[in-house]
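Trainee: I have a structure to look at and would like to know what the words used for it rest on. Can we go through them one by one?

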Amino acid sequence: MPEPLPPTRKRRGRLLRFGAAVVVLCAVAGYLVVQYLTGGTDGPTCRVVSGGAGGPSYEFTPEQAVNAATITAVGTGRGLPERAVTIALATALQESGLRNISHGDRDSLGLFQQRPSQGWGTPKEILDPTYAAAEFYKHLVKVKGYQDLPLTVAAQRVQRSGYPEAYAKHEPDAELLAAALTGTAAATLTCDGRQDTTQAAQATATGAQAAATGPDAVRSALVRDFGRDALETTAAEVGAKAAPSPTPGTKDTRTVTLPVRKDTRPGSDRSLRERGWQLAHWAVANSSALRIERVSYAGRQWTAGNTVSEWRTTGGEDGTESVRILTAR
């Protein structure tokens with residue numbers, strides 16, 4: 001019969017096992033935090049790069065892409081400058097990781113972790129990304145000189161966060177996203193375009209319905225983000241008025257053609273090309289959710305599922321008159 005271990009060795013063994021358990025728990029916790037902030041790193045991805053060669057880049061998920069595109073569209077729809085969009089995106093990156101979450105500190109909800117008890121709206125309203133973004137901008141424009149303030153100061157005057165300095169670390173990524181999604185930087189945002197498996201889970205968590213697909217769904221999403229006035233401005237055409245079908249004698253019911261016209265709403269000073277690239281990048285950002293297969297604009301084309309997911313030059317130099325979006329069958 002083996003001799004019993006001395007008490008000291010027993011304690012040392014228990015401490016080693018306890019220490020190993022703590023290490024494992026910390027590793028699991030760290031993994032879960034990463035998944036929470038990024039929406040998961042497995043599955044389809046999106047990427048935005050600097051307009052200049054060799055510049056920085058930022059990778060993110062389709063869920064984050066849809067929300068970033070919505071936040072940007074709401075801002076530009078109000079005639080706000082790119083700086084306002086950058087502040088909003090950096091704030092949402094810090095508060096929710098650009099995810100429309102149905103939980104948070106106390107009663108905080110949504111992209112900006114707005115609180116119903118503090119007068120931001122009802123839970124249902126706050127969990128509507130378009131409403132949440134509009135509320136953020138409504139408060140931001142009341143901050144005197146917000147465009148010239150440090151981002152942390154401007155965001156803090158809206159959010160009243162306990163950790164205002166945390167917004168600063170997201171400014172570089174927010175600037176890249178804002179430049180692409182406002183159309184300032186052309187052909188800089190890509191996604192792989194695979195169907196987004198997180199969308200149904202997100203819809204369930206927020207009480208929303210999963211998005212439909214096809215041309216009508218694209219149109220509905222455009223109205224959701226840009227508003228009906230913006231849709232009329234672009235004069236969206238669907239179905240028979242779309243691009244010529246590859247099969248003679250048939251109608252192409254999968255293509256949405258958006259004639260691009262300069263945004264003449266008060267406060268907007270963006271060029272025709274910037275307006276076009278905003279719509280083109282918006283379509284790519286929504287490609288997984290809406291099952292968009294191809295986007296063409298200004299002689300460049302993005303196609304879902306290609307290995308590098310880049311904007312490629314087409315055979316002929318198209319003008320800036322329209323953005324063409326091909327949806328899945």
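Predicted model: local features only at pLDDT ≥ 70, side-chain atom pairs only at ≥ 80, totals over all residues.

Trainee: What share of the residues counts as buried, and what makes a residue buried?

Mentor: A residue is buried when its relative accessible area is under 20%. Of the 329 residues of the chain, 48% count as buried.

Trainee: How many helices and strands are there in the chain?

Mentor: The chain has eleven helices and nine strands. Three strands form an open sheet, in the order β2-β1-β3, with antiparallel pairing.

Trainee: Why are β2 and β3 said to stand at the edges?

Mentor: β2 (57-60) and β3 (189-191) each have a single partner strand, so one side of each is left without a neighbour in the sheet. From one strand to the next, the twist averages 15°.

Trainee: What makes β1 and β2 a pair?

Mentor: Pairing needs at least two bridges between the strands. Strand β1 (residues 46-49) and β2 have four bridges, in the antiparallel sense, so by the cut-off of at least two bridges they pair. The bridge partner of C46 in β2 is F60.

Trainee: Which helix packs on the sheet, and what does that helix touch?

Mentor: Helix α2 (residues 62-77) packs there, touching β1, β2 and β3. The direction of α2 makes about 110° with that of β2.

Note on methods. Residues numbered from 1 in each chain as written. Heavy atoms only, no water. Helix = DSSP H or I, 4+ residues; strand = E, 2+ residues; numbered from the N terminus. Axes fitted to C-alpha atoms, helices over the stretch in contact; angles between N-to-C directions. Contact = heavy atoms within 4.5 Å. Buried < 20%, exposed > 50% of the residue type's maximum accessible area, 1.4 Å probe, protein only.
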